[in-house]
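This briefing covers the fold of a single chain, starting with its sheets and moving on to the helices. The sequence and model come first.

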Amino acid sequence: MPLTQSEMTQQKIDLTRIEAQVNHCFDKADAFFGVRFKRSHSSFKQRGKAAGTAHLYKNELRFNHFMFEQNPDAFLNTVVPHEVAHIIVFQIYAANAKPHGKEWQAVMKKVFGLLPDRTHTFDVPPLKKAYSYYCLCQTHEFSQRRHNRVLKGVEYRCKKCASPLTRIEKHK
Ligand SMILES: [Zn+2]
Ligand SMILES: [Zn+2]
């Protein structure tokens with residue numbers, strides 16, 4: 001489902017907070033190691049069960065906006081350093097360090113002063129509900145939004161056979 005205008009604006013505002021925290025984490029790592037790490041590009045492309053992912057070869061960080069919204073401060077203070085630590089480790093050791101190995105744990109503890117947690121406690125986005133409808137020729141999957149319109153009295157017809165669409169009752 002495409003984002004509305006206000007959702008897009010909110011994501012842009014939230015992304016600037018993410019970027020500021022990513023840069024802050026990089027600054028800490030620069031000071032700790034006495035080098036300048038290459039900054040990563042950040043986005044809210046992450047979906048599903050992961051709070052964030054570090055794409056090492058692309059030097060890209062993807063964050064889950066659904067989870068960010070639940071608790072922005074907790075997200076900024078845990079998920080962002082977790083992912084930046086992956087990038088730091090990769091820039092120092094290339095592919096020679098394990099994803100959550102001792103190098104990554106050391107960055108979490110010594111650079112960021114955090115427990116090297118591998119898991120997050122954010123709620124996972126719900127699976128999209130689908131509602132099945134049928135006509136004379138096939139079944140149609142309706143989104144929640146379309147199904148709600150039917151409940152309000154909107155009638156949909158199949159484009160192929162032109163017959164009205166009827167809900168398939170799943171129980172009995
Ligand atoms: Zn990780
Ligand atoms: Zn049909």
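**Sheet S1-S3-S2**

An open sheet of three strands, with mixed pairing, has the order S1-S3-S2. S1 (41-43) and S2 (52-55) are its edge strands, each with a single partner strand, so one side of each has no neighbour in the sheet. On average, neighbouring strands of this sheet are turned by 15 degrees against each other, direction ignored.

This is a predicted model: local features need pLDDT of at least 70, side-chain atom pairs count only at pLDDT 80 or more, and totals for chains, interfaces and linings use all residues. Residues are numbered from 1 along each chain as its sequence is written, and chains are lettered from A and ligands numbered from 1 in the order in which they are written.

Terms for the elements:

- Helices (H or I, at least four residues) and strands (E, at least two) are DSSP runs, numbered from the N terminus.
- Two strands pair if DSSP finds at least two bridges between them.
- Axes are lines fitted to C-alpha atoms, for helices over the stretch in contact, and angles run from 0 to 180 degrees between N-to-C directions.

- S2 and S3 (residues 60-63) run antiparallel and are joined by four bridges.
- Thr-53 stands opposite Arg-62 in S3, and the bridge partner of Gly-52 in S3 is Phe-63.
- The hairpin of S2 and S3 has four residues between the strands, and Asn-59 takes a positive phi near 50 degrees there.
- S1 pairs with S3 in the parallel sense, over three bridges.
- Ser-43 of this sheet also stands opposite Arg-62 in S3.

**Helices on the sheet**

- H1 lies across S1 and S3 and runs at about 145 degrees to S1.
- H3 packs on the sheet and touches S2 and S3, its direction making about 15 degrees with that of S2.
- Contact here means that the C-beta atoms of two residues, placed from the backbone, lie within 7 Å.

**Helix-helix packing**

- The axes of H1 (residues 5-33) and H3 (residues 72-93) come within 9 Å and cross at roughly 50 degrees.
- That angle makes H1 oblique to H3; angles under 35 degrees count as roughly parallel, over 145 as roughly antiparallel, 65 to 115 as roughly perpendicular and the rest as oblique.
- H1 passes H3 in a right-handed crossing; a crossing is right-handed if the near helix is turned clockwise from the far one by less than a right angle, and left-handed if anticlockwise.
- On the H1 side the contact is made by Arg-17, Ile-18, Gln-21, Val-22, Cys-25, Phe-26 and Ala-29.
- On the H3 side the residues are Pro-72, Leu-76, Val-80, Pro-81, Val-84 and Ile-88.
- An α-helix has 3.6 residues a turn, so residues three or four places apart point the same way.
- The axes of H3 and H4 (residues 102-111) come within 9 Å and cross at roughly 125 degrees.
- H3 is therefore oblique to H4, and the crossing of H3 and H4 is right-handed.
- H3 contributes Pro-81, Ala-85, His-86, Ile-88, Val-89 and Tyr-93 to this contact, and H4 contributes Glu-103, Trp-104, Val-107 and Met-108.

**Sheet S5-S4-S6**

- Another open sheet of three strands has the order S5-S4-S6, with antiparallel pairing.
- S5 and S6 (166-167) stand at the edges with a single partner strand each, so one side of each is left without a neighbour in the sheet.
- S4 (residues 131-134) and S5 (residues 139-142) run antiparallel and are joined by four bridges.
- A hairpin of four residues joins S4 to S5.
- Tyr-134 stands opposite Thr-139 in S5, and Tyr-131 stands opposite Phe-142 in S5.

- A residue is buried if 20 or more other C-beta atoms lie within 10 Å of its own, exposed if 12 or fewer, and partly exposed in between, with C-beta atoms placed from the backbone.
- Pro-2 lies in the segment before H1.
- Pro-2 is exposed, with 5 other C-beta atoms within 10 Å.
- Pro-2 and Tyr-156 are 154 residues apart in sequence and 22 Å apart in space, C-alpha to C-alpha.

**Domains**

- The domain assignment, which is automatic or from a database, gives domain 1 (5-111) and domain 2 (131-167).
- The centres of domain 1 and domain 2, taken over C-alpha atoms, are separated by 43 Å.
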